[in-house]
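Please keep the sequence and the model in view while reading.

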Amino acid sequence: MRHRIAVVGGGPAGLAFARVMHRHGHRVTVLERDSSPHARPPGGTLDLHAGLGRLALDKAGVLAEFTALSRPEGQAMRILATDGTVLRDWRPRPDDLANPEIDRGQLRDLLLGPLDVRWGHAVTRVEPGTAEGTVVHGADGRREAFDLVVGADGAWSRVRPAVSPVTPHYTGVTAVETSLDDIDTRHPGLARLVGDGSLAVYGVNRSLVAQRSSGGHVRVYAQFRAPLDHRPAGTVTDPAGVEAVRSELLALFEGWAEPVRELLRHGAAFTRRPLHVLPVAHTWTHVRGVTLLGDAAHLMPPLGAGANLALLEGAELADSLAESLAADPADPTGLDAAVRAFEERMWARAARWAARTAAGLERLVSPDPAAAVALFDEVQPS
Ligand SMILES: Cc1cc2nc3c(=O)[nH]c(=O)nc-3n(C[C@H](O)[C@H](O)[C@H](O)COP(=O)(O)OP(=O)(O)OC[C@H]3O[C@@H](n4cnc5c(N)ncnc54)[C@H](O)[C@@H]3O)c2cc1C
């Protein structure tokens, strides 16, 4: 008997799950809201840790391709005081492969490989426990039943309500993101300032971080404490709107060294992202026929863990299901037991990371900028 398995969401969690299932010889239906892989900019750079994201890529059989694409030099980290004084200037040794960086788009393409994704398929809700199994409802009115639906649809998951009533809450910190293209030729001074990896400047209750991706692309993140209703979330691209956000940010970072403020002067669009999280140690009573992975299960502050956990969870769930299917392909209770056991492992690990990243955000955007530098010293690879 072939089990009908769907994953909602083609981000790191969903694609890692589908790709590892594919490697084990099992077909999974991938339902993705985006109309194509290139429907929106894929985002910046991700550092993938050994034992987390890189372990998942190994399970997916794409570690060698990752190693060829990744940028170990992207681990470099420079921290400045708001007056421009260099506080830390850490560069990896050539053999230092602790957390190499990869562009999010490259990672997605790597995982997509042979997978067949149903693009443009937005899920509105899932309904477990029907006579047909778990029914997935699409925005186009389509409904389809599966034995197992894996919700890997991110922060505002439409699958989550089938297992948990909990919704994300605001951390009190908002990030506004912009980017610079072709920085080495168009802004050589800023290129030198950012270096090969990341530049971070921490002030009182605010920070500016710039991160280099491949091809001379740099993402700049301004983070600060603000009420949730401060300004609407989303992307601004119209010239008047862009200039209004730019002025707001330049005022917020008034008095900071001019080369640092310069990072805000060139972006052609700004995206405002109030940072939301799920409660630390979010769990739910197991529901047969549906589970969650990644941000859908444990949204946490963006401090270098979320994509790593999402990838590993996708790979681990796939391994567990494949093992259960190999033991007895006709036994649906085996599949359910594998999901239950996986959930327990995921919850325990995610709770540790959620606590760590929540504490990290408090220190990175805090009244005491020295706390942020101290955090870097604690986690810096030796
Ligand atoms: C600015 C920023 C920087 C970050 N940097 C890092 C980092 O360096 N390292 C790290 O480990 N983590 C980082 N993170 C966190 C990381 O991006 C997330 O934790 C990770 O992307 C979660 O993966 P996911 O697959 O669970 O969800 P997502 O990446 O959100 O993917 C969800 C997918 O589901 C699709 N989807 C959503 N709703 C539906 C629906 N209703 N129907 C069908 N499809 C749907 C979406 O289109 C998307 O493709 C960062 C986050 C941010 C915001």
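This is a predicted model: local features need pLDDT of at least 70, side-chain atom pairs count only at pLDDT 80 or more; totals for chains, interfaces and linings use all residues.

Residues are numbered from 1 along each chain as its sequence is written. The protein chain holds twelve helices and 18 strands; helices (H or I, at least four residues) and strands (E, at least two) are DSSP runs, numbered from the N terminus.

**Overall form**

- The protein chain has a radius of gyration of 21 Å, which agrees with the value near 21 Å for a compact globule of 382 residues. This radius is taken over C-alpha atoms, and the globule rule is 2.2 Å times the number of residues to the power 0.38.
- The C-alpha trace spans about 65 × 45 × 35 Å along its principal axes.
- Of the 382 residues, 43% count as buried. A residue is buried if 20 or more other C-beta atoms lie within 10 Å of its own, exposed if 12 or fewer, and partly exposed in between, with C-beta atoms placed from the backbone.
- Among contacts between residues at least 6 apart in sequence, 73% join residues at least 24 apart. Two residues are in contact if their C-beta atoms, placed from the backbone, lie within 7 Å.

**Domains**

- The chain is divided into domain 1 (5-72 + 98-168 + 278-365) and domain 2 (170-276); these bounds come from an automatic or database domain assignment.
- The C-alpha centres of domain 1 and domain 2 lie 29 Å apart.
- Eleven residues of domain 1 are in contact with 15 residues of domain 2. The side of domain 1 that touches domain 2 comprises seven nonpolar, two polar and two charged residues.
- In this classification, Ala, Val, Leu, Ile, Met, Phe, Trp, Tyr, Cys and Pro count as nonpolar, Asp, Glu, Lys and Arg as charged, and the others, Gly among them, as polar.

**Nonpolar cores**

- In soluble globular proteins, nonpolar side chains tend to be buried together.
- A nonpolar core is here a set of buried Ala, Val, Leu, Ile, Met, Phe, Trp, Tyr and Cys residues joined through C-beta atoms within 7 Å.
- The largest such core has 63 residues, of which Ala 16, Phe 17, Val 149 and Leu 293 touch the most other members. Helix α10 supplies the largest share of this core, ten residues.
- Not counting residues up to four places away in sequence, Val 149 touches Ala 6, Val 8, Val 126, Thr 134, Val 136, Val 159, Gly 289 and Val 290.
- Another core, of 34 residues, lies apart from the largest one and includes Leu 180, Leu 199, Val 209 and Ala 210.

**Ligand shell**

- The ligand is surrounded by 29 residues, the closest being Gly 9, Gly 11, Gly 154, Gly 294 and Gly 306. A residue is near a molecule or strand if its C-beta atom, placed from the backbone, lies within 6 Å of it.
- Two or more shell residues come from each of α1 (12-23), β3 (45-47), α9 (295-298) and α10 (306-327). With four residues, α10 gives the most.
- The shell has 13 nonpolar, nine polar and seven charged residues.

**Selected residues**

- Asp 181 lies in the loop between β12 (169-180) and α5 (183-186). Asp 181 is partly exposed because 14 C-beta neighbours lie inside 10 Å. Leaving aside neighbours within four places in sequence, Asp 181 is in contact with Gly 216 and His 217.
- Asp 182 is placed in the loop between β12 and α5 and has a phi near 55 degrees, a positive value in a residue other than glycine. Asp 182 counts as exposed, because 12 C-beta neighbours lie inside 10 Å.
- Asn 205, in the loop between β13 (198-203) and β14 (206-212), has a positive phi near 60 degrees. Asn 205 is partly exposed, with 17 other C-beta atoms within 10 Å.
- Pro 332 belongs to helix α11 and is partly exposed, with 16 other C-beta atoms within 10 Å. Pro 332 and Asp 147 are 185 residues apart in sequence and 8.3 Å apart in space, C-alpha to C-alpha.
- Glu 344 is found in helix α11 (residues 332-364) and is exposed, with 11 other C-beta atoms within 10 Å. Glu 344 and Thr 283 are 61 residues apart in sequence, and their C-alpha atoms are 8.8 Å apart in space.
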